[in-house]
Amino acid sequence: MASTKESDNTSDTPSSPKNVYKDPDDGRQRFLLELEFVQCLANPTYIHYLAQNRYFEDEAFIGYLKYLQYWQRPEYIKFIMYPHCLYFLELLQNANFRNAMAHPANKEVAHRQQFFFWKNYRNNRLKFILPKPPPEEVPTPAPPPPASAPPQQSLPASNIAMTTAPPAPASTHSPMPYGLPSGSALAKNDMRNTGIDRRKRKHERSLN
């Protein structure tokens, strides 16, 4: 009876845990191997190699790729040196992508797009990081002041009388020489006499 009770008690008690495998170096070697493999996925040529050798047709390998997604956690992602590997690891969860990477043309497209990302990443990132300078304000020219006529000062009557020119006399002096008055017959006779004397002198010279 006692033996039967002891067997019943042993059947009711939970089974003792099995021996769990424990890494001798506390998982350091495993950590390094998985880190190296995950970062190899950053190379499209390596993914193409896995697809051509039918690794993606193995269900165990597909499960291993799902298991490696823990590298996306913050406590593990800090050890990643090639962040593109996490992007390709996410794409490898899709069967269409796994099948497409078996073709060399698709491998070249992925590699080309990756190159363009590396080429323009810094410039594209600086556009969002660096603050944009404020637009320069163009100074608007000030409108010219309205033209105002200078105030006219009224002059006194005495000044107006002084500034006005006196009226011209009725008879003005002639500008002729000798200061002879105009209308004098003496000046005309003298002019005629001198002309006659000159002619006589020329005629006498011609006769001589």
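## Helix packing and salt bridges

Visitor: Hello! At what angle do helix 2 and helix 4 (residues 59-67) pack?

Guide: Welcome! This is a predicted model, in which local features need pLDDT of at least 70 and side-chain atom pairs count only at pLDDT 80 or more, while totals for chains, interfaces and linings use all residues. Residues are numbered from 1 along each chain as its sequence is written, and side-chain values use heavy atoms, leaving out hydrogens and water. The axes (lines fitted to C-alpha atoms, for helices over the stretch in contact, with angles from 0 to 180 degrees between N-to-C directions) of helix 2 and helix 4 lie 12 Å apart, and the packing angle is about 100 degrees.

Visitor: How is helix 2 oriented relative to helix 4?

Guide: Angles under 35 degrees count as roughly parallel, over 145 as roughly antiparallel, 65 to 115 as roughly perpendicular and the rest as oblique. The angle here is about 100 degrees, so helix 2 and helix 4 are roughly perpendicular.

Visitor: Which residues of helix 4 make the contact?

Guide: Contact means heavy atoms within 4.5 Å. Helix 2 brings Arg 30, Glu 34 and Phe 37, and helix 4 brings Phe 61, Tyr 64, Leu 65 and Tyr 67.

Visitor: By class, how many residues in that contact are nonpolar?

Guide: Ala, Val, Leu, Ile, Met, Phe, Trp, Tyr, Cys and Pro count as nonpolar, Asp, Glu, Lys and Arg as charged, and the others, Gly among them, as polar. The contact of helix 2 with helix 4 has 2 charged residues and no polar ones, and its nonpolar residues number 5.

Visitor: Which residue does Glu 34 meet in a salt bridge?

Guide: A salt bridge is a side-chain nitrogen of Lys or Arg within 4 Å of a carboxyl oxygen of Asp or Glu. At 3.3 Å, N to O, the side chain of Glu 34 meets that of Arg 30.

Visitor: Is Glu 34 buried or exposed?

Guide: Buried means under 20% relative accessible area, exposed over 50%, and partly exposed in between (1.4 Å probe, protein chains only). Arg 30 is partly exposed because its relative accessibility is 45%. Glu 34 has 7%, so Glu 34 counts as buried.

Visitor: How many helices are there in the chain?

Guide: Helices (H or I, at least four residues) and strands (E, at least two) are DSSP runs, numbered from the N terminus. The chain has 0 strands, and its helices number 10.
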